[in-house]
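I go through it piece by piece and set down what I looked up.

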Amino acid sequence: MSIGWSNDPVERSGLPVLRFMNVEKEYPLGDGRVRALDGLTLDIPRGSFTAIVGRSGSGKSTLLQLAAGIDRPTAGEVFVEGQPLSRLPDDALTRLRRKRVGIVYQFFHLLPTLDVRENVALPLLLEGVPERDALARADALLAQVELSPRARARPHMLSGGEMQRAAVARALAHAPALVLADEPTGNLDTRSAARVVELLATLARQHRATLVLVTHSPEAAAAAERVVTLSDGRVADDRPVARGTGA
Ligand SMILES: Nc1ncnc2c1ncn2[C@@H]1O[C@H](COP(=O)(O)OP(=O)(O)O)[C@@H](O)[C@H]1O
Ligand SMILES: [Mg+2]
């Protein structure tokens, strides 16, 4: 069986990068179960920037985990670039995540024993890209997030904002189709938060990646083109962000 991606650019661009169809996700809890997603249906078009908002426990992180293929739904189907993930065995799901998805977490998840550029190069090294090329790509991305002077520092030497900018560079390193960010500004001051969101949006656009940003911040959500509100594991609201002139 072949599980390759279509090489036809027209066919690929026509598909939503991410599609949730009637997705349910239950977790075991004590003797019972908790339903994190409850019939979620959502299309994310290629190249778009969507913010996902909603109260704590509404299912936002679960949505991202399923989109990344880190976990599987209890029912329904998740498609990434047209591929139904339920048909992929675990190793293919891991390959998909490594090749096509970039993730930014609230708490950065940088490896403490690697320096910043090695952290950024890691997704490429895992794919078998030669070290010289991977480090050159990391250097270019670090320049884009204005971290070149910190390239040889270990993560613990960086400020929160700098760590998150490094994590943004890492998420884009392997040119993913889909960038998922789970409250990436939750641990940052207002100014660093704004910079991280701006960099995410700019880099995603430049690299033609689709961006899905989970956030509690109204400012961050306002940077998106569309805001989807989750409530009890379903889409409660879905609207474009108004772009007033001078507002
Ligand atoms: N690994 C898990 N085990 C059990 N329950 C979980 C797990 N992950 C999430 N949940 C529950 O699923 C619901 C949705 O969680 P989550 O997706 O983390 O929401 P959000 O990111 O919007 O806060 C919550 O009730 C949460 O407690
Ligand atoms: Mg969450």
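Which residue takes a positive phi in the hairpin of strand 1 and strand 2? I found that Gly30 does, with a phi near 60°, in a hairpin that has two residues between the strands.

Before going further I noted the conventions. The model is predicted, so I keep in mind that local features need pLDDT of at least 70 and side-chain atom pairs count only at pLDDT 80 or more, while totals for chains, interfaces and linings use all residues. Residues are numbered from 1 along each chain as its sequence is written, and chains are lettered from A and ligands numbered from 1 in the order in which they are written. Helices (H or I, at least four residues) and strands (E, at least two) are DSSP runs, numbered from the N terminus.

I looked up the strand order next and found an open sheet of four strands, 2-1-4-5, with antiparallel pairing; two strands pair if DSSP finds at least two bridges between them. Strand 2 and strand 5 (83-84) stand at the edges with a single partner strand each, so one side of each is left without a neighbour in the sheet. Strand 1 and strand 2 run antiparallel and are joined by ten bridges, and among the residues bridged to strand 2 are Glu24, whose partner is Asp38, and Leu18, whose partner is Ile44. Strand 1 is also joined to strand 4 (residues 75-80), by five bridges and again antiparallel, and there the bridge partner of Leu18 is Val80.

**Entry: the shell around ligand 1**

Which strands and which helix each supply at least two residues of the shell around ligand 1? I found strand 1 (18-29), strand 2 (32-44) and helix 2 (60-67), and the largest share, three residues, comes from helix 2. The residues around the ligand, meaning those whose C-beta atom, placed from the backbone, lies within 6 Å of it, include Tyr27, Leu29, Val34, Ala36, Lys60, Ser61 and Thr62. The shell divides into four nonpolar, seven polar and one charged, where Ala, Val, Leu, Ile, Met, Phe, Trp, Tyr, Cys and Pro count as nonpolar, Asp, Glu, Lys and Arg as charged, and the others, Gly among them, as polar.

I then turned to an open sheet of six strands in the order 6-7-8-3-9-10, whose pairing is mixed. Its edge strands are strand 6 (101-104) and strand 10 (234-240), each pairing on one side only.

Is strand 3 (residues 49-53) mostly buried or exposed? Five of its five residues are buried, a residue being buried if 20 or more other C-beta atoms lie within 10 Å of its own, exposed if 12 or fewer, and partly exposed in between, with C-beta atoms placed from the backbone. Both faces of strand 3 are covered, with Phe49, Ala51 and Val53 on one side and Thr50 and Ile52 on the other. Strand 3 pairs in the parallel sense over four bridges with strand 8 (residues 210-214), where the partner of Phe49 is Leu211. Strand 3 likewise pairs in the parallel sense over four bridges with strand 9 (residues 226-231), where Ala51 stands opposite Val227 and the bridge partner of Thr50 is Arg226.

**Entry: helices**

The axes of helix 6 (residues 160-172) and helix 7 (residues 190-206) come within 10 Å and cross at roughly 10°, the axes being lines fitted to C-alpha atoms, for helices over the stretch in contact, and angles running from 0 to 180 degrees between N-to-C directions. Helix 6 is therefore roughly parallel to helix 7, a label for angles under 35 degrees. Their contact (C-beta atoms, placed from the backbone, within 7 Å) includes Val168 and Leu172 of helix 6 and Leu199 and Leu203 of helix 7, and its residues divide into six nonpolar, four polar and two charged.

Key. Angles under 35 degrees count as roughly parallel, over 145 as roughly antiparallel, 65 to 115 as roughly perpendicular and the rest as oblique. Two residues are in contact if their C-beta atoms, placed from the backbone, lie within 7 Å.
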